[in-house]
Amino acid sequence: MSTFAVAGAGTALVAAALAAVLLALRRTLAPTFVELCGERHRGAFWARMCQVALVAGTLLVVLVGAALSGSLDPHTPALAGVVSLLRWGLVGLLLSLGAVAAAAGTFTARLGRHAPPAYGGGSIPPQPPPQA
Amino acid sequence: MQPILALTAAGLVALLATAGTVLLLRPHLQRLLDEVCGTHARAGFWVAVSLLTIGICGLLAGTATYGYPSAPDASAQDVFLGGVTQLRLLLVGLLGSVLAVAWGLVQAIRSFERRADARAYYQAMQAQTPPPSAPPASGTPTQA
């Protein structure tokens, strides 16, 4: 199996993992940022920004990791090279997802200080004060 | 036994175990985060992030090639032990990611309960009735 085939197979697996993550976040990312930003166009912008960051961050980690670990070395067994590329892709996905989650968490906490959402229930629901 | 075959077989087991964990946790996590986050959009986002974290960590740990022998003429026992090491790392990764998500949930629930206490206190102040307790300060337990 040539280096090009290993690189192609690894890239295809990373692209599949990336597509799965973007698909899982597709329906929830935009509404969350619309809620945090207050305006639909601002939320759409930041959601798109997060998607770009996820893709770019993952690909960057794959490229750097493949160069560092010698995944595309001709002496590396083909399957080991493909698995190595996939693992670097998963590391990149995890880091990028962490960055997006940290940004969303920071702004959720900031919004919660100014405009807490209406809580309908909970493990400790607000109790009516006792009558004097 | 070829190390590549063992790696593939253990990788498939890792995939199944990770998918099972995610499917098992999903409905319960959704209900809990719906309650804690307050809005459906936020809950959906955090459910997706939590489950993706568990899934990625499980796959990452479950595809580790750490325990396999590098010599091409390795015995079947060495290859088998390499597979066992791979599955052991899978369990460590899954357990670690589930514990990390659980720790985040506990923090979110504590914050939620502080907000609920504070809201009850200020509602009582607005209604000019005796408050149920002092407003909760961060890190100090409330007096009954």
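**View 1. Chain A as a whole: 30% of its 132 residues count as buried.** A residue is called buried if 20 or more other C-beta atoms, placed from the backbone, lie within 10 Å of its own. Please note that this is a predicted model, in which local features need pLDDT of at least 70 and side-chain atom pairs count only at pLDDT 80 or more, while totals for chains, interfaces and linings use all residues. Residues are numbered from 1 along each chain as its sequence is written, and chains are lettered from A and ligands numbered from 1 in the order in which they are written. Chain A has 3 helices and 0 strands, in the order α-α-α from the N terminus on. Helices (H or I, at least four residues) and strands (E, at least two) are DSSP runs, numbered from the N terminus. Of the chain A contacts between residues at least 6 apart in sequence, 72% link residues at least 24 apart; a contact requires C-beta atoms, placed from the backbone, within 7 Å.

**View 2. Helices H1 (residues 3-37) and H2 (residues 40-69) of chain A pack at about 155°, with axes 8 Å apart.** The axes are lines fitted to C-alpha atoms over the stretch in contact, and angles run from 0 to 180 degrees between N-to-C directions. H1(A) and H2(A) are therefore roughly antiparallel, a label for angles over 145 degrees. The contact includes Leu18(A), Leu22(A) and Phe33(A) from H1(A), and Trp46(A), Cys50(A) and Leu54(A) from H2(A). Its residues divide into 16 nonpolar, 3 polar and 2 charged. Here Ala, Val, Leu, Ile, Met, Phe, Trp, Tyr, Cys and Pro count as nonpolar, Asp, Glu, Lys and Arg as charged, and the others, Gly among them, as polar.

**View 3. Helix H2 of chain B is largely enclosed by the rest of the structure, as 21 of its 23 residues are buried.** Chain B has 3 helices and 0 strands, and 33% of its 144 residues are buried.

**View 4. Tyr68(B) sits in the loop between helix H2 (40-62) and helix H3 (76-126) of chain B.** Tyr68(B) counts as buried because it has 21 C-beta neighbours inside 10 Å. Leaving aside residues up to four places away in sequence, Tyr68(B) touches Pro3(B), Leu7(B), Val79(B) and Gly82(B). Val79(B) is 11 residues away along the chain, and its C-alpha atom is 6.0 Å from that of Tyr68(B).

Conventions
Parallel < 35°, antiparallel > 145°, perpendicular 65-115°, else oblique. Contact = placed C-beta atoms within 7 Å. Buried ≥ 20, exposed ≤ 12 C-beta atoms within 10 Å, placed from the backbone.
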